[in-house]
Amino acid sequence: MSTVAIVYHSGYGHTAALADFVAEGVKAGGGTPVVVKLESAAQDFSAALEAVTKADAVIFGSPTYMGDVSSPMRAFMEATAKVWFTAGWKDKLASGFTVGASFGGNKDHTLTSMIVFSMQHGMLWAGPAVPNANINRNESAGGDQPNRIGAALGVVTQAENAAADVTPPAGDKEFARLLGVRIAGLAKKLKA
Ligand SMILES: Cc1cc2nc3c(=O)[nH]c(=O)nc-3n(C[C@H](O)[C@H](O)[C@H](O)COP(=O)(O)O)c2cc1C
């Protein structure tokens with residue numbers, strides 16, 4: 001069985017809600033999720049680093065703040081320098097998810113930061129491979145469908161200014177779940 005570390009930060013609970021769905025997907029895909037929440041940029045990252053080192057795959061989750069990963073996620077990335085020096089995470093499978101309040105909101109840039117970081121480590125980045133939702137402009141904004149935003153780099157979602165149990169909508173949460181299923185399945189294949 002493959003282990004998938006889900007390392008995320010969430011200031012207001014929306015990324016945390018998505019992380020739960022990613023973990024559910026990992027289980028549905030036959031893997032074991034190990035969920036690690038980053039609390040602050042000033043924390044000790046040893047436990048998070050160890051969880052990723054032990055895992056077969058890692059899925060990063062960050063809200064988009066100012067068009068990029070949040071500061072605890074950036075601090076975590078910088079705390080991996082020692083692992084980077086020894087290529088400790090080379091060939092590990094990686095993916096990511098984000099949420100923002102805007103439909104655009106430069107959320108692809110957040111994923112690009114995660115991708116550049118993963119490539120610096122020599123990890124293998126995989127996108128969600130979920131087809132874009134087919135949204136008719138006369139219908140709703142597609143909140144019940146996965147990948148309503150048309151994301152290929154990772155899971156991109158959108159949350160209103162409301163509590164995490166009501167937003168992001170069900171389709172976005174399903175998109176997050178499908179990422180977990182895919183990464184667990186790919187991790188199993190890579191391990192075989
Ligand atoms: C400091 C700050 C910067 C933000 N910048 C963006 C942004 O660039 N793009 C965007 O779409 N949303 C932006 N947002 C909105 C958040 O991404 C959104 O509220 C998200 O749901 C927060 O996730 P969280 O609850 O996991 O913290 C920003 C919010 C804050 C607090």
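**Ground rules.** I number residues from 1 along each chain as its sequence is written, and I use heavy atoms for side-chain values, with hydrogens and water left out. Since I work on a predicted model, local features need pLDDT of at least 70 and side-chain atom pairs count only at pLDDT 80 or more, while totals for chains, interfaces and linings use all residues.

**Entry 1: the ligand shell.** I found 17 residues, and the closest are Ser10, His14, Thr15, Thr64 and Tyr65. I then sorted the shell by class: 7 are nonpolar, 10 polar and none charged. For this I counted Ala, Val, Leu, Ile, Met, Phe, Trp, Tyr, Cys and Pro as nonpolar, Asp, Glu, Lys and Arg as charged, and the others, Gly among them, as polar.

**Entry 2: polar contacts.** Here I searched for pairs of N or O atoms within 3.5 Å. In the side chain of Tyr65, an N or O atom is 2.6 Å from an oxygen atom of the ligand. For His14, a polar side-chain atom lies 2.7 Å from a ligand oxygen. Gly67 uses its backbone: a polar atom there is 2.8 Å from an oxygen atom of the ligand. I also noted that the ligand taken alone exposes 650 Å², of which the protein buries 78%; the areas come from the Shrake-Rupley method with a 1.4 Å probe.

**Entry 3: the elements involved.** I read helices (H or I, at least four residues) and strands (E, at least two) as DSSP runs, numbered from the N terminus.

**Entry 4: backbone details.** I found a cis peptide bond between Thr167 and Pro168, with omega about 5°. Pro168 sits in the loop between β6 (155-158) and α6 (170-191). I also noted Ala87, a residue other than glycine with a positive phi, near 50°. I placed Ala87 in the loop between α4 (81-85) and β4.

How values were computed: A residue is near a molecule or strand if one of its heavy atoms lies within 4 Å of it. A polar contact is a pair of N or O atoms within 3.5 Å; within protein, one must be able to donate a hydrogen and the other to accept it, and residues adjacent in sequence count only if both atoms are side-chain atoms.
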